[in-house]
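Here is a short report on selected parts of one protein model. Read it with the sequence and the 3D view open.

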Amino acid sequence: MALVAGIDSSTQSCKVVIRDAHTGELVRQGRARHPEGTEVDPDHWWTALQEAIVEAGGLDDVAAVSVGGQQHGMVCLDNSGEVIRPALLWNDTRSADAALDLIREAGAGNPAEGARYWSRMTGTVPVASLTITKLRWLAENEPDNAARVAAVCLPHDWLSWRLAGFGPGSGEAGLAALRTDRSDASGTGYYSATTGKYLTDALKMSLGHIPRLPTVLGPLDAAGKTPKGALIGAGAGDNAAAALGVGAGLGDAVVSLGTSGTVFAVSSTPPTDESGLVAGFSDATGNYLPLACTLNATRVFDATAALLDVSLEEFNELALAAGTGAGGLALVPYFDGERTPNLPDATGTLHGITRTNYTPANLARAAVEGVVCSLADGVAALREQGVDVERIILVGGGAQSSAVQQTVSQVLGLPVLVPAPGEYVADGVARQAAGVLNGSFPIWETQPTAIVTEPAAPHVLERYRSAAAHQQAGT
């Protein structure tokens, strides 16, 4: 029995799963925590990976391994392969002004023209999360460090490189061995998923010079071998790896409810959204992965449950008891501002209150419907880019709520598949590792915990959009 390993190096932790390459059966697993913060020394990721590997029983009997990781993180290396400064992570917002500057400069002072340039060239309009904006911040705020940058890579690239035996002191030969994949490269802001090439002019516009960049591999190319001979896959960004892990294909949209909400879909054509709502990423199979993100998801449920002084299980029961439409209540859940639509200073509002409908059950239901309707705006943004959405795959911490499952199907008018809870990112790159080992992606049977099909309730989304329009107009 050949074994493969999948590694998920996320913002919060490192997870390792070891599976049968043929069947996908889970053999063993391990995990370790990452430090908190929006900038982290990559050595912490390496230490956590070693701890997770030990807990998973080691990799000595593994034939192939692949790494999925948090996207966009800026890892800068000097000529010797030493990390120059702690990596700025995707959630570090200090480069927000740098993003605006890059847009204005590309448009010769016209932001609309600049957005058009970036969406056409990279598929994504710069925002603070992208690597290119962090490099601009580095050049402007730490010029001495910027001048030392000999190579730039991403978290999953760096870990794959370390697994291949490279690291500090590797020198030029080591830097030349850096590898990445299309999905993670497409989140940098200086790579064109359409042409498959780095945009060196854009990189120079950001950093001031052109450092060495990882070679971009195909989905089933090997990035090298571990010192003990295991093949190393190309790896993937976390969303692309999750799509692999849940078996998403053309026509599927993955809706993820965690701290934030994410909607992404497998597409055969690249999007170019000048509004910036849809990011034009690549997937891990050779297709594209257009993505929209909302800032408010399960924390809205947490806050509402706390207000009602109930547990999350009781919150779910209240929402189900209220029934579709929440008695006419509509919650616009912009508790922390919003990204889709781009309203960073917005706040949440509750519409349609009467003495009759202002009940705990209706408030719980309005919270669920508000979050789901905001994600429906993400699905609509994907469809405006020509993405075909025929089925929803529901994942994340909020996916196991029966009220959420029911509401997603009602609001979107689509069947909803809910996979069994698992480490979707680690599972996805484990599947990639099996593909590298055998020459094609294996078909691993995954059993959903539920397939939900509810009658469509378009009036819920209509009422929500009316309330959101009032909110956006300031009325």
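## Two crossing helices

α11 and α12 are roughly perpendicular to each other, because their axes cross at roughly 90° and angles of 65 to 115 degrees count as roughly perpendicular. The model is predicted. Helix α11 covers residues 298–308, and helix α12 covers residues 312–322. Their axes come within 9 Å.

Which residues meet where α11 and α12 touch? From α11 come F301, D302, T304, A305 and L308. From α12 come L312, F315 and L318. By class, this contact has six nonpolar residues, one polar and one charged.

## An open sheet of seven strands

The model has an open sheet of seven strands. Their order is β18-β19-β17-β16-β22-β23-β24, and the pairing is mixed. β18 (279–282) and β24 (448–452) stand at the edges. Each has a single partner strand, so one side of each is left without a neighbour in the sheet. From one strand to the next, the twist averages 25°.

Strands β22 (residues 391–395) and β23 (residues 416–419) run parallel and are joined by two bridges. I393 has L417 in β23 as its bridge partner. Helix α14 (residues 402–412) packs on the sheet. This helix touches β16 (252–257), β22, β23 and β24. The direction of α14 makes about 155° with that of β22.

## A covered helix

How many residues of helix α6 are buried? Nine of its nine are, and the helix, residues 155–163, is mostly covered. The buried residues are P155, H156, D157, W158, L159, S160, W161, R162 and L163. Charged side chains are on that list too: D157 and R162 are both buried. G165 follows α6 and has a positive phi, near 100°.

## E142 in its loop

E142 sits in the loop between α4 (131–141) and α5 (143–148). Is E142 buried or exposed? Its relative accessibility is 18%, and buried means under 20%, so E142 counts as buried.

What does E142 touch, leaving aside its neighbours within four places in sequence? E142 is in contact with R85 and W137. With R85, the side chains are joined by a polar contact of 2.7 Å. V62 is another matter: E142 and V62 are 80 residues apart in sequence and 42 Å apart in space, C-alpha to C-alpha.

Note on methods:
Residues numbered from 1 in each chain as written. Predicted model: local features only at pLDDT ≥ 70, side-chain atom pairs only at ≥ 80, totals over all residues. Heavy atoms only, no water. Helix = DSSP H or I, 4+ residues; strand = E, 2+ residues; numbered from the N terminus. Buried < 20%, exposed > 50% of the residue type's maximum accessible area, 1.4 Å probe, protein only. Contact = heavy atoms within 4.5 Å. Polar contact = N/O pair within 3.5 Å; in protein donor to acceptor, adjacent residues only side chain to side chain. Axes fitted to C-alpha atoms, helices over the stretch in contact; angles between N-to-C directions. Parallel < 35°, antiparallel > 145°, perpendicular 65-115°, else oblique. Pairing = 2+ DSSP bridges.
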